[in-house]
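Open the structure in your viewer and keep the selection tool at hand. We will go from stop to stop, and at each one you will hear what to select and what is there.

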Amino acid sequence: MTELTTLTLAEARDRLRKKELSSAELTAAHVSAIEKARSLNAFVLETPEQATAMAEASDARLAKGEGGPLEGIPLAIKDLFCTKGVRTTACSHILDNFVPTYESTVTSQLWRDGAVMLGKTNNDEFAMGSSNETSYFGPVQSPWRRKGLNAPLVPGGSSGGSAAAVAAQLCLGATATDTGGSIRQPAAFTGTVGIKPTYGRCSRWGIVAFASSLDQAGPMAKTVRDAAIMLRSMAGPDAKDTTCVDLPVPEYEAAIGRSVKGLRIGIPKEYRLDGMPAEIEKIWQQGREWLKAAGAELVDVSLPHTKYALPAYYIVAPAEASSNLARYDGVRYGLRVDGKDITGMYEATRAAGFGGEVRRRVMIGTYVLSAGYYDAYYLRAQKVRTLIKRDFEQCFAQGVHAMLTPATPSASFGIGEKGGADPVEMYLNDVFTVTVNMAGLPGIAVPAGSDAQGLPLGLQLIGRPFDEETLFALGEVIEQAAGRFVAQPWW
Amino acid sequence: MTTSKLIKGATGDWEVVIGMEVHAQVTSKSKLFSGASTEFGGAPNSHVSLVDAAMPGMLPVINEECVRQAVRTGLGLKAKINLRSVFDRKNYFYPDLPQGYQISQYKQPVVGEGEVVVDLDSGEAVSIGIERLHLEQDAGKSVHDRHPSMSAVDLNRSGVALMEIVSKPDLRSSEEAMAFLTKLRSILRYLGTCDGDMEKGSLRADVNVSVRRPGEPFGTRCEIKNMNSIRFIGQAIEHEARRQIEIIEDGGTIDQETRLFDPGKGETRSMRSKEEAHDYRYFPDPDLLPLELSEDMVGTLQAALPELPDEKKTRFIRELGLSAYDASHLVAERDTADYFEAVANGRDAKLAANWVINELNGRLNKDGHDIVSSPVSAAQLGGILDLIGDKTISGKIAKDLFEIIWTEGGDPREVVKARGMAQVTDLSAIGGIVDDLVAKNPDKVEQAKANPKAMMWFVGQVMKASGGKASPQAVNDLLKTKLGL
């Protein structure tokens, strides 16, 4: 049974279609793996009955030779996606026991295509964090450990539960969201593949909002191919989200194995940071060589406004968050803590319901939007955002097809190790990923190597708007060269 | 003329300066950003979508019809239509505001500057500038009297589309302010973009009032919130202007604040000061793309715009020969104008105007009917006028006939025939009556000969004897002959 969990999504799909395997078996293997891996805290809600029922329905369809592209494939869902009849909390105390009466567009498309839901995965509260330590349900332990050490490490965040679930082979893929790096950073930390598609590629309807102009859903998977298969089902137009683009969804899987010969790959010099670990520089160099060997042309490019991206991001995202989270007021749903009057109720509810990092960002956001500060902070950050976008546009206009950068400035770190005294230490994790959200571009993180302690390291490929296919093609070249990184079970 | 608008204080004349922010509920089937119904009077929380209740992950989608209504209104106000506008979030906490912000338009509204021409009772017309018009969501309703310690919230109105129409501070008296709102309401109703029902809250106004010495810069203003009666607006302005004048004349200064009008006491009272004002932290709503309109779309709406009261009034004066006063009266409500035009079609327009304004409106008011449900249709009133026109009945009989048609209905000509109401022009039938009167009243004959006005006594007697059916002209002619005048 256990070896069923080592299959990739594509392998499992093919075996299901050939009836060499039933979804019931496949699902049961994953349900059992999840139970055994509870110490990771990757799942905040397991839905084994639902999984079993969905698997049986899939088997019935498969038996008739029917079924969608994901028929019978067990997946995990980040707790930011509203799931009908299944508790959805964004891992916040303020949404205690909130059970949506509706299904997010992205997950409804997965179920439409036959996928099976295993449960809801842990994440940083309201997706605010880079280590999954801000979750009301507690931190997730990475399936990875430093060589010979038992100290628990973070899986990254905010999609830490999804990353850990994929890395520990508890599911064949997971949904995630990325506002500043929340798919790509945990993918890099856990040796998995994660793609944040172009802003507007996936509908945001039914996903608990963090920062509306930056949030995008995307898959986390074991391989580049698996990510391509999942994104095909997750993406697409949605009349319920006016920022979602009305463009046909390509057959992403067809891009796997496509030649990258002649593609111009930009190497942005601003991504070479002072004090960056030599190991990061080394895998970046390695990645360049692999792409070159595959026939791509490397060009040095400049994205001069990169250094302003992180500070601007930490104005725009909290500003939007402070407004998006205003609805959690104890009046209609979720947690309510009584107070002496309505203001007292608001204060007591929000003080008890939100964790420290969420409160910090709501306060930052409220501050930067305040009269007298708006122009100096929010407006200026929006201008920076325009400049960052223009930097990319100019490179793409000069014939660059994609860019290659490190995904993170370091490998995974220990739980409780960072950001305790200075939150900026944690925010710096997003330094290579936020620019992509600010510019609305697609970005994929692919495992590319390990550090000296055996922890995975990832590379990031940044693409032109709605050109996810090129990222899949390039990502697979790196994957083929670097091999897969599978955590050895200790849990 | 302008001096009459000044208010006399203890130390001289004052000028009141008024600007208005009018909230007009957009006529549309569904809400501004959701598909929920806008119908008035549903059970509490029966018209609430997931978006209106601000459930997690819900997103607004603009209702195109509300946008068209705003553009129509802008065109009706002769205003600039902004082909690109932006929706912003106005952030504040209140239980009847589920999102914690109102989606509104702040820096880039859909409609820019325009104007409304307001006719005053004096006959003077003043042009009042429109600063802007923007679209925004209405809030829900908090209900505080259902439970001793808890408040209830009804979200039926939450998310309903409003147009906020902001005037320039061009109004100079309570009369102008009332006339402005009346005219604006009329335009909205003509356009069909707001039903103007103030009792149901479809039209509300915030009124900004300040006073100054004529020719001096604007004074500090106070805002009187949430007025839903034109009459109360007049009272509130009068009171507020007096209050401010008294303070300044006593050596005080006006604090910028928000005030509420108490109709019972006829006065305004402080609601919150400027220091207590919210910081709404406006910023562009990232869930919505900027609103882009095409020239074509605006052109199509412009071409389909109905004739508006000002144009209609001009036409009534020029083409139908009505007085400005009558024309203004008839065009104030589109239904009245339509009724009038149906009556006047092919008939004496002035006579039609008289009947609609005096007889019909008087009767409608008495019974509390509106013109759409008038028991006397335009065709029936036209029939009555035709009978006057061909001298079948006199004006006086026509009023009796009108009353019969009002209560019993029927075709006017047939009613006249059936009841023998046609006026008598056959002099032989009344000749005997006249001869008899002349013979029996020699003193009256003498008086009439001395003063022809005294002949009216004979006219009255003849009319009475004929049951009102004698033709007044025929009676006059006959009497003149018989009396030798």
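Which residue just after helix 4 of chain A takes a positive phi? Select A:Gly114: its phi is about 100 degrees.

Before going on, a word on what you are looking at. This is a predicted model, in which local features need pLDDT of at least 70 and side-chain atom pairs count only at pLDDT 80 or more, while totals for chains, interfaces and linings use all residues. Residues are numbered from 1 along each chain as its sequence is written, chains are lettered from A and ligands numbered from 1 in the order in which they are written, and side-chain values use heavy atoms, with hydrogens and water left out.

**Stop 1: helix 4 of chain A**

Now select residues 105–112 of chain A, which form helix 4. Helices (H or I, at least four residues) and strands (E, at least two) are DSSP runs, numbered from the N terminus. Six of the eight residues of this helix are buried, so helix 4 is largely enclosed by the rest of the structure. Here buried means under 20% relative accessible area, exposed means over 50%, and partly exposed lies in between (1.4 Å probe, protein chains only). To colour the buried residues, pick A:Thr105, A:Val106, A:Thr107, A:Gln109, A:Leu110 and A:Trp111.

What do these buried residues pack against? Show helix 3 (48–63), helix 7 (224–234), strand 2 (74–78), strand 3 (116–121), strand 4 (173–178) and strand 6 (216–221) of chain A, and you have the partners.

**Stop 2**

Move to the loop between strand 3 and helix 5 (160–167) of chain A, where A:Ser158 has its place. A cis peptide bond joins A:Gly157 and A:Ser158, with omega at about 5 degrees.

In the loop between strand 3 and helix 5 you will also find A:Phe126 and A:Asn132. Neither is a glycine, yet phi is positive in A:Phe126, near 55 degrees, and in A:Asn132, near 65 degrees. Is A:Asn132 buried or exposed? A:Asn132 is buried, with a relative accessible area of 0%, and A:Phe126 counts as buried at 1%.

**Stop 3: aromatic rings**

Rings of Phe, Tyr and Trp (its six-membered ring) pair if their centres lie within 6.5 Å; planes under 30 degrees apart count as stacked, over 60 as edge-to-face and the rest as tilted. Over all chains, a search of the whole structure finds 28 aromatic pairs.

For one pair, select A:Trp490 and A:Trp491. The ring centres of A:Trp490 and A:Trp491 are 5.6 Å apart and the planes stand at 85 degrees, so the pair is edge-to-face. A:Trp490 is partly exposed at 28% relative accessible area, and A:Trp491 is partly exposed at 24%.

**Stop 4: where chain A and chain B touch**

Show both chains. In contact (heavy atoms within 4.5 Å) are 38 residues of chain A and 30 residues of chain B. The two chains bury about 2,800 Å² between them, 59% of it on carbon and sulfur atoms. That buried area is the accessible area (1.4 Å probe) that two parts lose on being put together, summed over both.

Which side chains meet in a salt bridge here? Select B:Asp287 and A:Arg204, which are 3.1 Å apart, N to O.

Helix 9 (309–324) and helix 10 (342–353) of chain A are the elements that give two or more residues to the side of chain A that touches chain B. Helix 9 gives the most, with four residues.

**Stop 5: B:Leu291**

Finish in chain B with B:Leu291, in strand 16 (residues 291–292). B:Leu291 is buried, with a relative accessible area of 8%. Draw a C-alpha to C-alpha distance from B:Leu291 to B:Leu83: the two are 208 residues apart in sequence and 7.7 Å apart in space. Leaving aside neighbours within four places in sequence, B:Leu291 has contacts that include B:Val67, B:Phe87 and B:Val110.

Note on methods. A salt bridge is a side-chain nitrogen of Lys or Arg within 4 Å of a carboxyl oxygen of Asp or Glu.
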